[in-house]
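Please look over the sequence and the structure, then read on.

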Amino acid sequence: MSNRLARFGNDLHSGRKSYPFVEKRRLWLSLTVALVVLSLLIPVVKGGFNLGIDFTGGSEFTVSGIENTDVQTGEQAVAESSDASGVTVTNIAPGTVRVQTEQLDDDQTLAVKDSLQEAYGASDDQVTSNFVGPTWGQGVTQQALWGLLIFVLLATVLMALYFRTWKMSVSAVAAMMATIVITAGVYSLVDFEVTPSAVIGFLTVLSYSLYDSVVVFDKVRENTKGLLSGAAPEERAKRTFSEQINLAVNQTLVRSINTSIVGILPVGAILFIGAYLLGAGTLKDLSLSLFVGIIVGTIATMFVAAPLYSWLRGLEPAVRDQERKVLDARQTDGAPVTADPVQAGPRE
Amino acid sequence: MASDKDTSGRSGADESKTSPSKAASRAPRTVRSGSQAAVSTAKRGLVALAVLTIALAGILIYGVTTDRTGWDPKLALDLEGGTQMVLSPELQEAQDGQEITQEQLDQAVEIIRQRVDGTGVSEAEISTQSGSNIVVSMPGVPSSETRDLIQTSAQMAFRPVITTAEGTPTPEEQRTPVEDIPEPDAEPTDSSDPNWVTPELVKEFESLDCAAQRPQEERKAQDPEKAVVACDPANNAKYILGPLEIPGTDIDDASYGMANNQQGMSTGQYAVNLQFNSEGTETFKELSERLYQIGQAQQGDPRSQFAILLDGTVISAPSMNAVINDGSAQITGSFTEEDARFLSEQLKYGALPVSFSIESEQQISATLGSNQLRMGIIAGLVGLALVCVYSMFQYRWLGLVTISSLLVAGLITYFAITLLGWSANYRLSLAGVAGLIVAIGQTADSFIVYFERIRDEIRAGRSIPAAVDHGWKRARQTVLAAKAVNLLAAVVLYFVAVGNVRGFAFTLGLTAIADLLVVFLFTHPVMVLLTRTKYFGGGAKNSGLDPEALDAVPFYRGAGRVRSPEDSDGLTIAERRRRQKAAETPGDGAADGADVSGGSSAVDQTEQTEGSTR
């Protein structure tokens, strides 16, 4: 497989094999818009997200390392020790039971904890309790949104300075936004629980998505260097601006695949252990959002960032001129250029 | 390391003569200073990294041997077990509408810290969060006493005692009928005047049960202008107290220690020392004069006592046995050291007009904490192993460079976290562990970017050492830009976010820096040195740099002699390849000269590189 991937990489590098990321940008971009709209609609239709108690306020107890994980035992224990409503008892992992209730006051929290401990025959060591006021989650969300805003602004400026064009910045940020919205849509669709840990994951996905775009755009910049000023070497000048962008995405495709695999492997390890051995909690929530986000982010860079950039640049007269000239030259020259991989798409 | 194996290929013309193939040994060799320089730069990088690592290790070893720190990073509460409370401060009504200032918050943190320390809980950590909340983390489960103490707003007051009784309610039948209680016959002249006592107050006093919990609101609602009833739960006593004489804010300082008698000899008793500020000194002087006189006039008169109240509860009710002019009082009694310290803490910090409500509270059992840590470590090792296997698979023996780079990055991160735990009390949380694991992938990506670049350069026909040089120049830029984004995200997250997010952001930022260090001071130098070996420099089959496997164009055997590529034996692929080559070669005369095509391609590459690195 290694060899095949290397060969695949070789073909992509030379342009012998090419995927029409840019050529079919209209398709990819409208698909993205559709997905984004859908992702925005899903929570509306479904009535929001499955928010964890950190956002809704409430009390949560986790009893771990017990043999009897009967759900009713827990329900009874809560009923006996408090007048809490909205009690849900779930067996989240082997030997682990989670009890969630509406917000209890301090004394009741302790009472429920004691009675759960007794009911499940657990020691003080095995019961974890968590009590969250209703304003706490709001604070967390607000901070997260601030973080998002500041990060996006700074990253946009940073990238605009680095790439010397705001269009790359805008494309990368748009891809990132699409990533985050679609990831959120997936969360709403599948009813994954949104917790502060999941929010941390989302925020990391932002950085990951931009990171990925920077790597691809670096290659794009290299490939399109001098194309408009005519300073590009003759060989490179034979491709149109958008063909060069497409080539860049293809040339970095193997890297993108490797990167997301290498990124996904450790995250997958945490996800597996978090979900199957520990049950709900920081590890699972964090890795799940990363898992979804990394996949969506890698795809978004290829199908959103680069096509969008080529579209934005395509609005410039200079870029149009260059493309027209190249295509004209191809018409008159005939022969080898018709075999241009970008034009022809993947052959075979 | 055979540094004379190849040239670094600084110019296109030179480039075309160097061999990219396995036939490197037969290629003309020009030992150039550029190559030498690259090697010595590489060696310098490795030495710098070694120095850094040894220095970090040295500091840690010093810390461990002198018992100042341990080998293990400090763990946060979710891994160690314990309780975390997020408190939000609430100003008293008097200051309604006011925002809590950072100063007040800092003061509050200090007070809570002292209070928690005062209860004997060790290792509690109290910090502010995003300028508005206070986070209290402590090992174990706090007693209800500690919890109350943390939340309690410190409304402290000094009131004179008018009368006292046992803390139990007077039996119904013995209570004085309300109509029998004399109405005060005159306006009270001072705050110790029994004329403050109204029939309603007597009724309230008689029915007061100190064993019953009273809601905090009720206790707070004591009118400073009037006489009130209050309990001293510790001594099972209740009091009728005169109006407020001195607010807690007039306390300057408090301490405790051994009491001295008039000869300056230690009495062997603990005493609490109290110092008032100038205003408090004045009021206390008047109070002490009056109470002392009452005490002199009639021994044991409860009216010679004054009560110190914290949130409406009497914490101490000493009798005045001297006139105190200098605002420096000493409270003695049958204090244990614990009592004395507790009272002095209360006095010292009791003056803060801020209370706290628990926003969130998390109690994590130690078992669960260590379980989570173990799972986190397992997940990390599994993730690391998978990444290692994958990179060996992808990059063959070059994968070893990835693995060793990851290990070096891991080592640096370990030192950084342990040393930060020592110096800045940084504690690794579960989110932090997750950040470390996620970082494995992000760190490995730097190597992937670099390796893919090198491969691209080899595909373009460069010799392996030249490909490493040129690939590095491009990859360096990409890695720097990409890591800048990561660092930016980590920094923004760290400063904006709250709680758990910070721990995660911190490890992400830390590992990004470690990654940069490793790429620059380890991975690249190692690559430079490796390409001077026969195995990697020659692009052996499983080196991960095999030009043949990478389809390098153009192929040469020796100087300028074209070796026909394996796949040019009349297959359709070959035709395609030729057409491809023709398309890429400027001019129609491409067919006759590998030199021409090779040369121009190399020139173009060089321009590209130089142009973009500037």
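Angles under 35 degrees count as roughly parallel, over 145 as roughly antiparallel, 65 to 115 as roughly perpendicular and the rest as oblique. The model is predicted: local features need pLDDT of at least 70, side-chain atom pairs count only at pLDDT 80 or more, and totals for chains, interfaces and linings use all residues. Residues are numbered from 1 along each chain as its sequence is written, while chains are lettered from A and ligands numbered from 1 in the order in which they are written.

**The two chains**

- Chain B has 17 helices and 15 strands, where helices (H or I, at least four residues) and strands (E, at least two) are DSSP runs numbered from the N terminus.
- Chain A has 14 helices and six strands.
- Of the 614 residues of chain B, 47% are buried; a residue is buried if 20 or more other C-beta atoms, placed from the backbone, lie within 10 Å of its own, exposed if 12 or fewer, and partly exposed in between.
- In chain A, 53% of the 348 residues count as buried.

**Where the chains meet**

- The contact takes 76 residues from chain A and 79 residues from chain B; two residues are in contact if their C-beta atoms, placed from the backbone, lie within 7 Å.
- On the side of chain B that touches chain A, H10(B) gives the most, with 17 residues.
- By class, this side of chain B has 42 nonpolar, 22 polar and 15 charged residues; Ala, Val, Leu, Ile, Met, Phe, Trp, Tyr, Cys and Pro count as nonpolar, Asp, Glu, Lys and Arg as charged, and the others, Gly among them, as polar.

**Helices H10(B) and H12(B)**

- The axes of H10(B) and H12(B) are 9 Å apart, and the helices pack at an angle of about 10 degrees; axes are lines fitted to C-alpha atoms, for helices over the stretch in contact, and angles run from 0 to 180 degrees between N-to-C directions.
- H10(B) and H12(B) are therefore roughly parallel to each other.
- Residues making this contact include B:Gly376, B:Gly380 and B:Gly383 of H10(B) and B:Ile437, B:Gly441 and B:Ala444 of H12(B).
- By class, the contact of H10(B) with H12(B) has 11 nonpolar, six polar and no charged residues.

**A sheet in chain B**

- Three strands of chain B form an open sheet in the order E8-E9-E12, with antiparallel pairing; two strands pair if DSSP finds at least two bridges between them.
- Strand E8 (251-260) and strand E12 (328-332) of chain B stand at the edges, each with a single partner strand, so one side of each is left without a neighbour in the sheet.
- Five bridges join strand E9 (residues 266-276) of chain B to E12(B).
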